[in-house]
Amino acid sequence: MIGKDRLFTTLEKVMADSKADQTEAVFLGSSVGLTRFANSHIHQNVAETNTTVYFRVAMGKKLGVASTTSMSLTDLRRCLRAATDIAKRQVENRHFDQFPGQQDYPEVETFFEKTAKFSPRQRATKLKRIFTKTINNNLDAAGAFSTGEGEVAVLNSNGLRCYQPYTTASGNIVIMGDDSSGYVNFVSHNIDDLDFTALSNTALKKCKKSKNPKEIEPGRYEVILEPAAVANLLEWMNFIAFGSKAFQEETSCLAGRIGEQIMGSNISIFDDALNPAGVPFPFDLEGVAKKGVEFVADGVARGVVYDTISGNKENKQSTGHALMPSESGEGAMPLNVFIKPGDSSLEQMISNVEKGILVTRFHYINGFLDTRKALMTGMTRDGTFLINNGKLSNGIKNLRFTDSMLDVFSNVAEISSESVSIPGWWDAMGCNHVPAMRVSEFNFSGKTDF
Amino acid sequence: MKDKLLETIDYLKSKGVQYADIRFSRRDVESIKVTNENVDTLSRTLDQGFGIRVLADGAWGFASSSKLTSGELKKVSNQALKIAQASAITKREDVKLDEGMVYNDHYKTPFQTDPFKVRLSRKINMLMKINQTLQKKSEIKIAESSMAFFKTNKIFVNTDGSVIEQDLMESGAGYTATAVEGGEVQKRSFPNSHGGDFMTGGFEVIENMGLQRNANRVREEAIQLLSAPPLPAGEADIIIGASQMALQVHESCGHPTELDRVLGTEISLAGGSFMSLDKLGSLQYGSDKVTIVHDATCEGGLGTFGYDDEGVKAQRMPLVDQGRFVGYLTSRETAGVVGQNSNGCMRADGWNRIPLIRMTNINLEPGEWELEDLIADTEGGFFLDTNKSWSIDDKRLNFQFGVEAAWEIRNGKLKTLYKNPLYTGITPQFWNSCDAICNKNHWHIWGVANCGKGEPMQVAHVAHGTSPARFRKIQVGVSK
């Protein structure tokens with residue numbers, strides 16, 4: 001960790017030499033360890049210490065971006081010159097006005113000393129307890145367990161300064177038998193939030209319960225989607241529906257439908273980056289303070305997230321969802337997405353299903369089939385069960401689904417009161433915090449051999 | 001830098017490690033994307049650092065840093081050693097490597113024009129012109145054209161004595177026209193979707209793509225798709241275009257022949273493989289028309305290099321020979337399981353990632369057919385072109401692909417255009433239904449620059465040489 005004062009001093013020194021009209025520096029630094037395991041032993045164990053500085057400069061309305069992993073003053077100055085050189089050769093970006101001004105940031109607790117200091121040996125020791133359990137049960141454990149610390153800083157020539165240190169602990173556990181498996185995943189800023197005994201027991205129980213899976217024919221079934229499965233679907237919705245690019249290019253299922261009922265009235269989906277129940281973070285990578293954004297409220301389409309440039313396209317303010325400067329062409333993306341919980345429980349939902357299927361998680365979803373309808377396909381895996389007469393029955397072989405998420409989220413009959421944080425694509429700055437759901441109709445279009 | 005790495009290898013030897021290697025990597029990337037005549041991405045990134053892999057107490061440790069000082073090399077060496085010792089407390093057996101060869105070599109990608117020396121204004125103008133052609137009609141709401149260039153310098157040293165330097169150059173480009181009307185969204189892309197096509201080579205790769213001359217056709221097809229009927233569900237004979245065949249090979253042959261997947265070490269994320277050890281040499285994976293090779297040596301492939309990231313020389317080996325499954329993609333650690341030495345498939349996405357078994361160029365060998373003759377030989381069916389979506393189960397059996405466009409084939413001729421085509425199948429059944437593959441006149445090595453695998457996620461640059469091929473009685477569309 002470099003620390004706020006040293007970072008600001010170094011970057012301000014470099015920015016002072018800028019020949020551009022406006023200059024922005026974004027710093028991402030981290031020291032992260034990740035332990036992968038399979039066949040009940042560690043097979044990969046890695047550590048990475050990395051820094052990246054992005055300089056984005058504006059010459060009038062012309063923007064240039066360059067980045068470097070070196071923190072030497074010589075390399076940083078060279079990088080800033082490269083960004084300026086690019087900007088000079090650019091064409092004007094008609095949607096750019098100026099970098100954001102100074103902001104007020106809420107205090108958010110994102111750094112936990114114990115997580116920062118969690119060592120490879122501590123990770124191995126926690127995992128060894130799981131391996132002992134799986135070996136004793138004639139099963140195998142596989143997965144990943146990562147811990148680390150990092151810091152993010154944004155500075156610009158309009159006086160904006162922000163800095164946030166963070167820690168992260170995340171991963172997943174798959175317990176496997178000859179013909180069955182069970183799964184859990186986890187994410188938090190704080191290692192103390194994670195109960196490895198409970199997590200591994202959940203995966204173990206699912207693995208044992210799903211052995212000798214039976215084949216069932218594809219078709220339309222009532223389903224219970226556990227939180228990991230809901231998050232798998234939601235992660236694609238974040239990508240194809242709730243970002244500014246998809247909305248403005250009219251490929252999003254929300255485009256042209258703001259104010260319309262597009263899902264069931266029991267569905268509310270929103271981004272809440274400051275909510276401590278998830279993995280909070282106070283600002284985005286333009287230094288804009290995070291704002292809450294409703295995507296769907298009581299089933300009605302409400303809006304999407306913006307960064308500065310995509311906001312300008314619609315005369316809207318940034319909502320604080322900018323990504324890395326080098327990715328600014330992709331627009332803004334949500335990172336901390338919540339679905340409003342209901343008042344049911346998983347057990348209650350199961351008891352309300354006469355014949356249906358419980359899905360632990362999905363594999364290899366693809367949401368590009370027809371983005372206007374949020375039509376997706378994917379496979380079930382790691383714990384797919386038949387429900388008969390209100391009881392979890394036997395495991396079943398995996399199925400392929402192909403369905404519109406607008407239809408699926410219009411057919412939600414029950415939602416659990418409890419939500420779980422499921423890792424998203426950027427664990428350090430967010431997650432999907434979601435409940436389980438009972439969906440009255442879900443289309444399984446194919447099957448596989450296991 | 002090389003001297004610092006060699007000093008560090010000596011230091012690691014003095015610590016008594018069983019094996020160690022160090023990779024320094026410096027990667028320069030330039031990305032340009034023009035959307036609706038607005039340059040919305042123009043960036044240059046420099047990513048450099050080193051990674052140290054240590055085998056100690058029979059287990060692996062890996063540590064990496066972007067700080068390039070001798071002190072940091074020593075610190076990270078100690079860190080990797082400690083991590084290996086931590087891994088060892090859970091080991092069930094010692095890691096063993098094949099004997100390996102020692103090389104002292106410098107490999108360079110052959111290229112004509114350094115893309116980093118081509119003026120930015122020239123590149124932007126090319127992309128702008130394509131945008132303008134695509135936007136000549138109002139139905140095209142999004143015109144997106146892009147280029148990217150990668151220049152990588154890698155130095156590899158190991159305790160066996162290898163010292164290998166490589167200078168790799170990769171170039172790629174592509175564009176997409178998105179037509180939007182009345183809640184309908186349709187896309188056509190060239191030369192491929194998802195960012196275009198990539199090859200090893202310089203700016204000549206871009207100049208030879210025929211980008212501008214295809215833009216009118218791409219625009220018109222995107223517009224025609226808006227009013228096209230959806231592909232009806234049912235069973236049909238299909239001819240799959242070459243770029244979609246590349247993804248078909250990628251998902252249903254490339255990934256399942258990765259030996260680490262077969263051995264279960266990728267099971268929690270990407271999954272395993274139906275091509276288990278007991279099937280090697282006996283599984284009739286496809287029809288006798290189907291021969292698929294791993295070839296890291298072929299000219300221009302995005303998976304072409306001199307040595308993999310374990311210092312193993314680039315090779316060509318069959319994976320499927322006239323339909324029979326005969327080989328895996330391997331590493332120095334895994335090859336012994338099948339009684340072989342590594343065939344050079346360990347690749348890392350930069351200095352900060354550990355090498356994993358990855359595809360190189362996984363090529364479907366060309367057949368004998370001219371495409372026109374193959375269409376003429378097909379009484380009824382569909383011609384499917386350009387990937388739109390992809391999904392496959394975690395053992396690589398049940399797949400479903402969506403493509404941008406399909407044309408009905410009736411009495412040997414291309415007829416009606418259909419939108420939203422999907423096809424689905426079970427891998428070995430599908431490949432066994434292949435009865436014709438087009439010849440080398442239609443064969444091209446398609447670069448896939450976004451192959452994800454591993455935790456932390458690694459994105460590999462791989463390629464597939466393919467030509468159009470015909471498959472009989474395939475499920476198209478989706479049952480509801």
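**Exercise 1.** In which loop of chain B is Pro191(B) found?

*Solution.* The model is predicted: local features require pLDDT of at least 70, side-chain atom pairs count only at pLDDT 80 or more, and totals for chains, interfaces and linings use all residues. Residues are numbered from 1 along each chain as its sequence is written, while chains are lettered from A and ligands numbered from 1 in the order in which they are written.

Step 1. Helices (H or I, at least four residues) and strands (E, at least two) are DSSP runs, numbered from the N terminus.
Step 2. Pro191(B) is found between strand E7 (184–190) and strand E8 (197–200) of chain B.
Step 3. The peptide bond that joins Phe190(B) and Pro191(B) is cis, with omega about -10°.

**Exercise 2.** State which peptide bond to Pro456(B) is cis, and locate Pro456(B).

*Solution.*
Step 1. The bond from Glu455(B) to Pro456(B) is cis, and its omega is near -5°.
Step 2. Pro456(B) belongs to the loop between strand E21 (444–453) and strand E22 (458–466) of chain B.
Step 3. For context, most residues other than glycine have a negative phi, and most peptide bonds are trans.

**Exercise 3.** Characterise the backbone and burial of Asp382(A) and Asn420(B).

*Solution.*
Step 1. Asp382(A) is not a glycine, yet its phi is positive, at about 55°. This residue lies in strand E13 (residues 375–388) of chain A.
Step 2. A residue is buried if 20 or more other C-beta atoms lie within 10 Å of its own, exposed if 12 or fewer, and partly exposed in between, with C-beta atoms placed from the backbone. Asp382(A) has 28 C-beta neighbours inside 10 Å and therefore counts as buried.
Step 3. Asn420(B), also a residue other than glycine, has a positive phi near 45°. Asn420(B) is found in the loop between strand E18 (413–418) and strand E19 (422–426) of chain B.
Step 4. Because Asn420(B) has 24 C-beta neighbours inside 10 Å, Asn420(B) counts as buried.

**Exercise 4.** Describe the surroundings of Asn341(B) and decide whether Asn341(B) is buried, partly exposed or exposed.

*Solution.*
Step 1. Asn341(B) lies in the loop between E12 and strand E13 (346–347) of chain B.
Step 2. The count of C-beta neighbours inside 10 Å is 16, so Asn341(B) is classed as partly exposed.
Step 3. Two residues are in contact if their C-beta atoms, placed from the backbone, lie within 7 Å. Not counting residues up to four places away in sequence, Asn341(B) touches Asp98(B), Glu99(B) and Ala335(B).
Step 4. Glu207(B) is 134 residues from Asn341(B) along the chain, and their C-alpha atoms are separated by 40 Å.

**Exercise 5.** Give the strand order of the open sheet of 4 strands in chain B, and describe the helix that packs on this sheet.

*Solution.*
Step 1. Two strands pair if DSSP finds at least two bridges between them. The order is E12-E11-E10-E15 (chain B), with antiparallel pairing.
Step 2. Strand E12 (324–325) and strand E15 (362–364) of chain B are the edge strands, each pairing on one side only.
Step 3. Helix H6 (residues 242–254) of chain B packs on the sheet and touches E10, E11 and E15 of chain B. The direction of H6(B) makes about 120° with that of E15(B); axes are lines fitted to C-alpha atoms, for helices over the stretch in contact, and angles run from 0 to 180 degrees between N-to-C directions.
Step 4. H6(B) is largely enclosed by the rest of the structure, because 12 of its 13 residues are buried. Among them are Met245(B), Leu247(B) and His250(B).
Step 5. Within the sheet, strand E10 (residues 292–295) and strand E11 (residues 316–321) of chain B pair in the antiparallel sense over 4 bridges. Val293(B) stands opposite Pro318(B) in E11(B).

**Exercise 6.** Determine how many residues of chain A are in contact with chain B, and describe the strand pairing between the chains.

*Solution.*
Step 1. Contacts join 71 residues of chain A to 66 residues of chain B.
Step 2. On the chain A side, strand E2 (residues 41–59) supplies the largest share, 11 residues.
Step 3. E2(A) pairs in the parallel sense with strand E3 (residues 59–65) of chain B over 4 bridges. Ser65(B) in E3(B) is the bridge partner of Thr49(A).
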